[in-house]
Amino acid sequence: MRFLGNVLAVIVGLIIFSVLSILVSFGIIGMIAASGNEEVTVKENTILHLNLNGRTIVERTSEDDLDIPIFGSVLGQPNTAGLVNLKKAIEEAKTNPSIKGIYLNTGFVLAGQANLLELREAFEDFKTSGKFILAYDEVYTEGGYYLASVADEIYLNPMGGIDFNGYSSDVLFFTGLFEKVGIKPEVFRVGEFKSAVEPFILKKMSDENRLQTQAFLSDINANALKGIADSRGINLDSLTKTNNLMLVREPEDAVTYNLITDLAYEDEIHAKLREKLGLSEDDTISTINATKLNTTVKSKNITSRNRIAVILAEGEIVSGDAEGVISSDKFAKEIRKARKDDNIKAIVLRVNSPGGSVLASEVIWREMVEAKRVKPVYVSMGEVAASGGYYISAPADTIVAQPNTITGSIGIFGLWFNTKDFLNDKLGITTDVVETGELSDFMNPTRDLTEVERKIVQTSVEKGYETFISKVAKGRGMNPEDVKAVASGRVWTGNQAIERGLVDVLGGLDDTIELAAQRINAGDDYRVVYYPQKKPWFEQLMSDFGENVKLKMLKSELGENFTLYQQAQKLKNYQGIQVRMPLEYIIK
């Protein structure tokens with residue numbers, strides 16, 4: 001009876017889930033239809049409201065993305081906001097006479113430092129219009145405050161707080177877990193700084209990894225402090241002391257040390273906005289979000305034959321044609337398509353990747369080389385463009401990175417797991433094998449490796465490293481020995497990389513596009529076209545719906561262990577020789 005009861009419970013659950021899915025789908029369709037029939041107009045005396053709380057900043061979202069928070073909570077996933085879309089809205093707000101200012105919520109924005117810097121630069125440009133930016137939140141994370149600090153006025157809830165004590169980086173180590181379950185990782189690598197394998201063989205950071213992590217974290221923090229000091233008019237040495245000693249511990253401290261304008265409740269913020277707009281107490285504040293504002297923007301130079309292709313490469317580098325990552329087949333095809341299109345005069349590859357498969361990186365590298373033979377090729381590095389991310393960037397005519405971009409990590413490794421003890425001792429499973437050749441059972445994970453096998457793999461890794469070095473040297477016009485001096489898997493910030501010849505120019509995506517436009521002598525007569533083309537928002541939502549529900553259920557079941565599950569899932573992509581950064585740098 002218990003079995004029958006369980007079966008019935010599953011059936012009932014599936015029926016309820018199906019009905020809810022249909023109802024949600026019809027609701028979405030209705031809202032999309034309604035929004036599609038409604039022509040958006042910007043009313044006089046309007047504020048652009050950018051609520052980035054809980055938003056993950058990605059390179060781009062669908063143009064028809066709707067600002068409906070319920071989906072984030074239903075699917076168990078944070079809402080995303082596209083950097084391209086946000087910058088487009090900020091630029092329009094700058095010149096649109098009906099928009100008087102920006103109201104900004106950034107408390108728990110989820111983004112890397114380079115993307116935050118790119119947004120800050122967009123806000124700085126907006127401020128040249130003379131319009132205001134007012135920021136308010138109940139709590140600010142370190143990154144959230146860094147972005148909000150660009151505002152003319154910053155307010156904090158009287159019971160809120162600001163995390164302002166510098167950056168730290170946590171690395172998860174799995175060695176103890178493997179020891180308990182009887183799995184023995186075996187690592188093949190070149191470069192003392194190639195720390196991607198450390199979580200599998202150590203229980204804490206190596207001295208080399210600690211050195212490089214301290215170096216790039218310190219540079220990132222110094223860059224953030226300088227930006228805040230400039231925006232807030234605070235002496236940099238004084239601000240650094242405030243940050244180092246975490247002197248902002250109570251809300252009032254944020255006022256004392258000039259991090260914010262004042263403490264206020266949200267209704268008081270609304271009153272301040274009404275005052276700026278010249279409204280009375282009972283008047284409604286007219287606001288518009290980025291998505292709706294962007295629908296009012298007319299494309300520039302739509303008929304121009306001078307087109308610059310911006311190919312957005314975000315995620316791990318893997319073989320095949322997968323979604324949500326930089327898959328070699330898909331991106332090689334996009335680069336090839338841009339190369340063969342006579343209307344596309346220059347290519348900008350926007351790289352935001354910690355690396356991945358060396359084979360997949362090689363496939364994309366080859367297409368970059370072929371494209372460079374035909375037309376100008378530029379690379380814009382985002383939050384991270386390291387290891388395989390640098391591999392595919394190396395052929396570019398010019399590499400542009402933000403000062404706080406994480407790049408470099410020119411190194412290579414192979415990873416193999418011996419599951420013999422796990423199978424034999426933990427599960428009671430034994431294996432046997434028949435071979436026709438001495439190496440027919442090559443790299444069998446159910447036994448120890450032989451010295452011959454180790455030598456073969458290590459030789460392959462070393463050869464791969466020399467290939468990586470030669471490709472960087474050729475692409476950058478450097479001597480191989482000079483490349484090795486800054487390689488060995490070491491990670492650099494953009495600031496550090498430009499000093500070592502790995503980056504040419506400091507700047508963001510717009511700067512890179514402008515350089516490409518200058519190269520083709522287009523003046524203002526050019527059009528930017530983004531690839532790969534995004535799926536319509538509704539199609540993307542429905543294709544992801546099942547997977548997101550699965551993740552929400554897993555997160556609910558696993559709790560704090562969900563992060564470990566996600567890390568374990570990523571191991572699926574560790575097939576073959578790898579050019580990638582550590583499994584996860586958690587910077588907070």
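Predicted model: local features only at pLDDT ≥ 70, side-chain atom pairs only at ≥ 80, totals over all residues.
Biologist: Why is Lys330 called buried?

Modeller: Buried means under 20% relative accessible area, exposed means over 50%, and partly exposed is in between (1.4 Å probe, protein chains only). Lys330 has 17% relative accessibility, so it counts as buried. You will find Lys330 in helix α13, residues 328-340; helices here are DSSP runs of H or I with at least four residues, strands are runs of E with at least two, and both are numbered from the N terminus.

Biologist: Which residues is Lys330 in contact with, beyond its neighbours within four places in sequence?

Modeller: Contact means heavy atoms within 4.5 Å. By that rule, Lys330 touches Gly320, Asp321, Ala322, Glu323 and Pro532.

Biologist: And what about Ile456: why is it called partly exposed?

Modeller: The relative accessible area of Ile456 is 38%, so it falls in the partly exposed class. Ile456 belongs to helix α17, residues 451-476.

Biologist: What makes strands β16 and β17 a pair?

Modeller: Two strands pair if DSSP finds at least two bridges between them. Four bridges join β16 (residues 377-386) to β17, and the two run parallel. Across that pairing, Val379 stands opposite Ile399 in β17.

Biologist: How do you know that β17 pairs with β21 as well?

Modeller: There are two bridges between β17 and β21 (residues 505-506), again in the parallel sense. Here Val400 faces Val505 in β21.

Biologist: Which way do the residues of β17 point?

Modeller: Thr398 and Val400 point one way from β17 (residues 398-401), Ile399 and Ala401 point the other way, and all are buried.

Biologist: In the open sheet of six strands, what makes β9 and β10 the edge strands?

Modeller: The order is β9-β6-β5-β4-β1-β10, with parallel pairing. β9 (262-263) and β10 (286-288) each pair on one side only. Within this sheet, β5 (residues 132-140) and β6 (residues 153-162) pair over six bridges, and Val139 stands opposite Gly161 in β6.

Biologist: What holds strands of a sheet together in general?

Modeller: Strands pair through backbone hydrogen bonds, either parallel or antiparallel.

Conventions. Residues numbered from 1 in each chain as written. Heavy atoms only, no water.
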